Amino acid sequence: MVPGITANTVGDTPGISGLTNFQLNLDGQEITQHTSVTSFGQPGISRDAIAEYQVITNMFDVSSGRSAGIQVQAISRAGTNDLRGTFYGYFRDDNFNAKDPFLDRVLPYSNRQVGGTLGGPIVRNKMHYFGSYEREREPNTAIISPSALAPQLITMPIEERKDSTLGRFDAQLSTKDHLFARGNLFKRFLPSDGVTAHPSRGTKKDITSYSVTANWSRTLRGNMLQELKAGVYSFYWTYEGMDGLVL
């Protein structure tokens, strides 16, 4: 619905052609990487951990930039004087699936997502905390038929895993000074990348990204605010040979 978005795509690059046209800032910290390897290291953040966001498609001001397409500014949630939390879950199971038309049997499949948030006061009106956690497990079955092995079918049990954690601390040091620190960790395990051509080419990838940022703001006068920010963002991944082949 945002002016300037011309596609209804879902993924790391909404409505644009590539990562160089997309920039995501969380609490003023850049957490998008623009390497040539598409989507590697892009963090996953629970929706319940986001307080508000803004999509900017043109006319970037001095607080934005480093994007040839769109800019997304997001703010993480903070704790309040009231102890509040949420819990949610989403489940799918192969008991509700029909038989596979080629194998004439129901293939094992399951998707389980659970998560929650918790926030509240440490010292009322002065210090607050907020945390969120989201976990997804997706056991599945991959069936491939490499041309070199035709007409054989190869069945492989796989399970994709995702874990997203975020924590935030806020402190009102004085009537003019506010300090907050936020950290988030995202882990994703992909069990069967590149296996479509031949099982020997299959790999399992373990992808991790994290970011930590701190912000101190001070009101100098009614129309002037001073901010000091520091942060670090990192991502890495490992490759290993895929296991679990059943011929």
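Trainee: Quick one. Which residue in β4 does Leu24 stand opposite?

Mentor: Leu24 stands opposite Val72 in β4. Keep in mind that this is a predicted model.

Trainee: Noted. How do β1 and β4 run, parallel or antiparallel?

Mentor: Strand β1 (residues 22-26) and strand β4 (residues 70-76) run parallel, joined by 5 bridges. Asn25 is another residue to look at there. Its place is opposite Gln73 in β4.

Trainee: And β1 with β2, parallel or antiparallel?

Mentor: Antiparallel, with 2 bridges joining β1 to β2. Leu26 stands opposite Gln29 in β2. The hairpin of these two strands has 2 residues between them, and Asp27 takes a positive phi near 55 degrees.

Trainee: What's the strand order in that sheet?

Mentor: The order is β2-β1-β4-β3. The sheet is open, with 4 strands and mixed pairing.

Trainee: Which strands stand at the edges?

Mentor: β2 (29-30) and β3 (50-56). Each has a single partner strand, so one side of each is left without a neighbour in the sheet.

Trainee: Back to β1. How many of its residues are buried?

Mentor: 5 of its 5 residues. Both faces are covered. Phe22, Leu24 and Leu26 are on one side, with Gln23 and Asn25 on the other.

Trainee: Switching to charges. How many salt bridges does a search of the whole structure find?

Mentor: The search finds 9. Side chains of opposite charge can pair when their charged atoms come close. One of the pairs is Asp163 with Arg137, at 3.2 Å, N to O. That pair links distant parts of the chain, with Asp163 in strand β8 (residues 154-172) and Arg137 in strand β7, 26 residues apart.

Trainee: Are those two buried or exposed?

Mentor: Asp163 is buried, and so is Arg137. Arg137 has a relative accessible area of 10%, and the cut-off for buried is under 20%, so Arg137 counts as buried.

Trainee: What is Arg137 in contact with, beyond its neighbours within four places in sequence?

Mentor: Ser110, Asn111 and Arg112 are among them.

Trainee: Which residue forms a salt bridge with Glu160?

Mentor: Arg188 does, with the closest N and O atoms 2.9 Å apart. Arg188 lies in strand β9 (residues 177-193) and Glu160 in strand β8, so the pair ties together parts that are 28 residues apart in sequence. Arg188 is partly exposed, at 28% relative accessibility.

Trainee: What about Asp82, which residue does its side chain meet in a salt bridge?

Mentor: Arg84, at 3.6 Å, N to O. Asp82 is partly exposed, with a relative accessible area of 39%. Arg84 is exposed, at 57%.

Trainee: Which residues are linked in a network of salt bridges?

Mentor: Asp27, Arg168, Asp170 and Arg182.

Trainee: Last topic, the nonpolar surface patch. Which residues make it?

Mentor: Leu185, Tyr210, Val212, Val232 and Tyr236 make a patch of about 420 Å².

Trainee: Which strands each supply at least two residues of it?

Mentor: β10 (203-221) and β11 (224-241). Val212 lies in strand β10.

Trainee: Why does Val212 count as partly exposed?

Mentor: Because its relative accessible area is 42%. Partly exposed runs between the buried cut-off of 20% and the exposed cut-off of 50%.

Definitions and conventions
Residues numbered from 1 in each chain as written. Predicted model: local features only at pLDDT ≥ 70, side-chain atom pairs only at ≥ 80, totals over all residues. Heavy atoms only, no water. Patch = residues over 30% accessible without salt bridge, like charges linked within 9 Å, V, L, I, M, F, W, Y side chains within 5 Å. Areas by Shrake-Rupley, 256 points an atom, 1.4 Å probe, with all protein chains shown as cover. Salt bridge = Lys/Arg side-chain N within 4 Å of Asp/Glu carboxyl O. Buried < 20%, exposed > 50% of the residue type's maximum accessible area, 1.4 Å probe, protein only. Contact = heavy atoms within 4.5 Å. Pairing = 2+ DSSP bridges.
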